[in-house]
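The following report describes a single protein chain, to be read alongside the sequence and structure shown here.

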Amino acid sequence: MADSTIQIGILGCAEIARKVSRAILLSQTATLYAVGSRSIEKAQKFAADNGFPATAKVYGSYEEVIDDPNVDAVYVPLPTSLHIKWAVLAAQKKKHLLLEKPVGLNVEEVDVILAACEANGVQFMDGTMWMHHPRTAKMREFLSDAKQFGELKSVNTCFTFTADQNFLENDIRVKPDLDGLGALGDVGWYCVRGILWAANYELPKSVIALRNPVFNKAGVIISCGASLLWEDGKVGTFHCSFLTNLTMDLTAVGTKGTLHLHDFIIPFEEKKASFISAVECGFKELALGWVPKPSEHTVTTDIPQEALMVREFCKLVGSIKNEGAKPEKKWPTLSRKTTLVLDAVKASIEKGFEAVEIISLYFFSNKFGIRASHGK
């Protein structure tokens, strides 16, 4: 096998792992080398159903995947409460790590995971797929254009879907012992990342949760929102929920322009995606219309965003494996910042919707990882 092909093992047979297995095949930079489950029969069925080659290793435990010396990297779609254990063990076995979001239940857990990756020289990336779509880079060009967009003043995101009764009662995302962040960690992760992306990843000074979040009987959040506030006056707001119609909106408003899109997490179509820009718009006479009208921009791609994510991950892993490169710190930094904001939202809810300040956290250059100081 060519040295440029990254051999990936998958821990668990979650539904999202089906999508990522397909993405690994489409990326043409990686091999579905192994899958492990607590049930060997479940792992065998998963491999058979998801395009694994006949030579793939099928294991009846997660340990066997990370112990396999031929596995270069692991994809981990396990419940969030299990991330810290298996991500750290994988990193200690020198396995590069593609980890589903949310990365951890809080920033303390994320710090432990990232410290293990740094100490063992392995690449870390979370599974936020829309970051890798070429549309995202095109939209960044618009936001960065001072003549077209101006200065960012506000950004709003919304990700909701109507979960059925079975989901609301049985899905891991509503279980306090599996994914205790609920809707905040699942759909809220994307909302927060979208806001940070629009703000060029500058952390807000403070976060205030919106009143009237909804909890299930076990105390897990199934609907909530928050406002993010920056010292220069920027404002971000988001709403996330398992209780309302499928919506994936992002709107960023600048002093000269506005960016709109309605499918920012999963595009309406797999191989093309669009966004709307409005630049220095005004009213026609008697306010009978807009001038100029907003314009729509379409970006195409040969492979879907999740395959582009795998391709980028494998490029970084390949550089480390074959060229002695250092892990790229962009991706762990973004995961950490996203988690910081989620922590602040949760803390604000728990404190009766008080403002919670975020103290910037930085990577220290110590050999074994990351130190943190946290907003109280």
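## Annotated region

UniProt, in an unreviewed entry, places the feature "domain: GFO/IDH/MocA-like oxidoreductase" at residues 144-259; such positions follow the numbering used here, feature names are shortened, and annotations may be inferred rather than shown by experiment. Over residues 144-259 the chain is 20% helix and 41% strand, with the end C-alpha atoms 12 Å apart. Helices (H or I, at least four residues) and strands (E, at least two) are DSSP runs numbered from the N terminus.

## Basis of the model

This is a predicted model, in which local features need pLDDT of at least 70, side-chain atom pairs count only at pLDDT 80 or more, and totals for chains, interfaces and linings use all residues. Residues are numbered from 1 along each chain as its sequence is written, and side-chain values use heavy atoms, with hydrogens and water left out.

## Nonpolar core

A nonpolar core is a set of buried Ala, Val, Leu, Ile, Met, Phe, Trp, Tyr and Cys residues joined through side-chain atoms within 4.5 Å; buried means under 20% relative accessible area, exposed over 50%, and partly exposed in between (1.4 Å probe, protein chains only). The largest such core has 115 residues, of which Leu97, Trp197, Phe238 and Leu259 touch the most other members. Helix 8 (residues 182-198) supplies the largest share of this core, 11 residues.

Beyond its neighbours within four places in sequence, Trp197 is in contact (heavy atoms within 4.5 Å) with residues including Trp130, Met139, Leu250 and Leu259.

## Overall fold

The protein contains 10 helices and 18 strands. Of its 376 residues, 53% count as buried.
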